[in-house]
Each structure stands twice: as structure tokens, then as C-alpha cells.
Amino acid sequence: MALIWTDDLAVGFGRIDTQHQELFLRYNRLIEACRDGKGREQIATMLDFMIEYVTTHFAEEERFMTLYRYPEREAHQKEHRELFAHVQQVREELHERGPTVGVITSITHTLLHWLIRHVKQTDIELARFLVANAA
Ligand SMILES: [Fe+2]
């Protein structure tokens, strides 16, 4: 299932929104490759690419949290670590088993669930704080 970017997903802090949109784009490309049966190598490369982007994006959010002494920093970082652990696990499954239906479902569920939930709740709270404190 493709992720369509809509305005209600915008957190209202420019840099973070731009990165989220890119994340959605990469997720959609990954899902498309899975759907088209593009093969283990290509899917693995795209997943690696996405993991790298997630890592960069998290580092950026965490930099803002530290810089502006965000009070919910620890809880937010914990969610980042959890997603990272999930994605690493999916990557290992992909390397071991290839793009099976189970692995693809795992990729879809993990990323889809997390992206929507984290962006719509945790990141919106952070963005509100940044808009109020980082002007
Ligand atoms: Fe975040």
C-alpha cells in the first residue's frame, strides 16, 4: 500500500516535513519494487538506502531536541531506537530469506505503522515545541 502525503501529516516545521516527505517517497519506491518482484538485490539496496535516510533524519531531529532542550527527548529517542531495531531485523530477514511474502509484509507493516504513528503523534509534538521555542 502506497503512502500518500497529505497536509494533515505535515508537522509544521519545514526541515522535518521535507525529510518526512522524502521518507514517504522512499517507502513507496521500496513497496513498488517489492510488488514488482524486483529481486532480492534491488529490494535490499533500497531498504539499505531507506535505513540510511532514517538514520540521518533521526540524527537531525535529535540534534534539534538537544539544542532546544526538548523535555520529551528520551521518550522520543526511544521510539527512534525501536524503529531502527525493527528495520534492522527486517533487513536481516530479507538477507536470509529473500523477498518472500512474509518479509515484504513485515517491511510494509513495520514501516507503514511506524511512519504514520510516529509522524502523526510524536513528531507533531516535537514540531509544536520547536515552532514555539526555536524561532
Ligand atoms: Fe521522530
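This report describes the iron site, the aromatic pairs, the salt bridges and the nonpolar core of a predicted model.

Residues are numbered from 1 along each chain as its sequence is written, and side-chain values use heavy atoms, with hydrogens and water left out. Because the model is predicted, local features need pLDDT of at least 70 and side-chain atom pairs count only at pLDDT 80 or more, while totals for chains, interfaces and linings use all residues.

**Iron site**

Five residues hold the iron ion: Glu61 (OE), His76 (NE2), His80 (NE2), His118 (NE2) and Asp123 (OD) coordinate the metal at 1.9 to 2.3 Å. Donors here are N, O and S atoms within 2.8 Å of the metal (3.2 Å for Na, K and Ca); water is not among the atoms, so sites may look incomplete. Along the chain, the donors follow the spacing E-x14-H-x3-H-x37-H-x4-D.

Helices (H or I, at least four residues) and strands (E, at least two) are DSSP runs, numbered from the N terminus. His76 counts as buried because its relative accessibility is 2%, and His80 counts as buried at 1%. Buried means under 20% relative accessible area, exposed means over 50%, and partly exposed lies in between (1.4 Å probe, protein chains only).

His80 is also one of the contacts of Trp114, a residue that touches Phe58, Glu79, His80, Leu83, His109 and Val119, not counting residues up to four places away in sequence. Contact means heavy atoms within 4.5 Å. Trp114 lies in helix 4 and is buried, with a relative accessible area of 6%. Trp114 and His86 are 28 residues apart in sequence, and their C-alpha atoms are 9.8 Å apart in space.

**Aromatic pairs**

Rings of Phe, Tyr and Trp (its six-membered ring) pair if their centres lie within 6.5 Å; planes under 30 degrees apart count as stacked, over 60 as edge-to-face and the rest as tilted. By this rule there are three aromatic pairs. One of them joins Phe13 and Phe64 edge-to-face, with 5.3 Å from centre to centre and 85 degrees between the planes. Phe13 lies in the segment before helix 1 (14-35) and Phe64 in helix 2 (residues 40-67), so this pair ties together parts that are 51 residues apart in sequence. Both Phe13 and Phe64 are buried.

Another pair is formed by Tyr70 and Phe129: the ring centres are 4.9 Å apart and the planes stand at 55 degrees, so the pair is tilted. This pair links distant parts of the chain, with Tyr70 in the loop between helix 2 and helix 3 (73-97) and Phe129 in helix 4 (residues 101-133), 59 residues apart. Tyr70 and Phe129 are both buried.

Phe64 has a charged neighbour as well: Arg63 lies over the face of its ring, at 5.2 Å from the ring centre. A charge sits over a ring if NZ of Lys or CZ of Arg is within 6 Å of the ring centre and within 35 degrees of the ring normal.

**Salt bridges**

The whole structure has seven salt bridges. A salt bridge is a side-chain nitrogen of Lys or Arg within 4 Å of a carboxyl oxygen of Asp or Glu. The table gives some of them.

| Salt bridge | N to O distance |
|---|---|
| Glu60 and Arg63 | 4.0 Å |
| Glu82 and Lys78 | 3.2 Å |
| Glu93 and Arg97 | 3.6 Å |

Glu60 and Arg63 both lie in helix 2, three residues apart, about one turn of the helix. Glu60 counts as buried at 10% relative accessibility, whereas Arg63 is partly exposed at 45%. Arg15, Glu60 and Arg63 are linked in a network of salt bridges.

Glu82 and Lys78 are four residues apart in helix 3, about one turn. Glu82 is partly exposed at 36% relative accessibility, and Lys78 is partly exposed at 47%. Glu93 and Arg97 also lie in helix 3, four residues apart. Here Glu93 is buried at 18% and Arg97 is partly exposed at 45%.

**Nonpolar core**

A nonpolar core is a set of buried Ala, Val, Leu, Ile, Met, Phe, Trp, Tyr and Cys residues joined through side-chain atoms within 4.5 Å. The largest one has 41 residues, and those with the most contacts inside it are Tyr27, Leu30, Met50, Ile107, Leu111 and Leu115. Helix 1, helix 2, helix 3 and helix 4 each supply at least two residues of this core, and the largest share, 13 residues, comes from helix 4. Not counting residues up to four places away in sequence, Met50 touches Leu23, Arg26, Tyr27, Leu30, Leu111 and Leu115.
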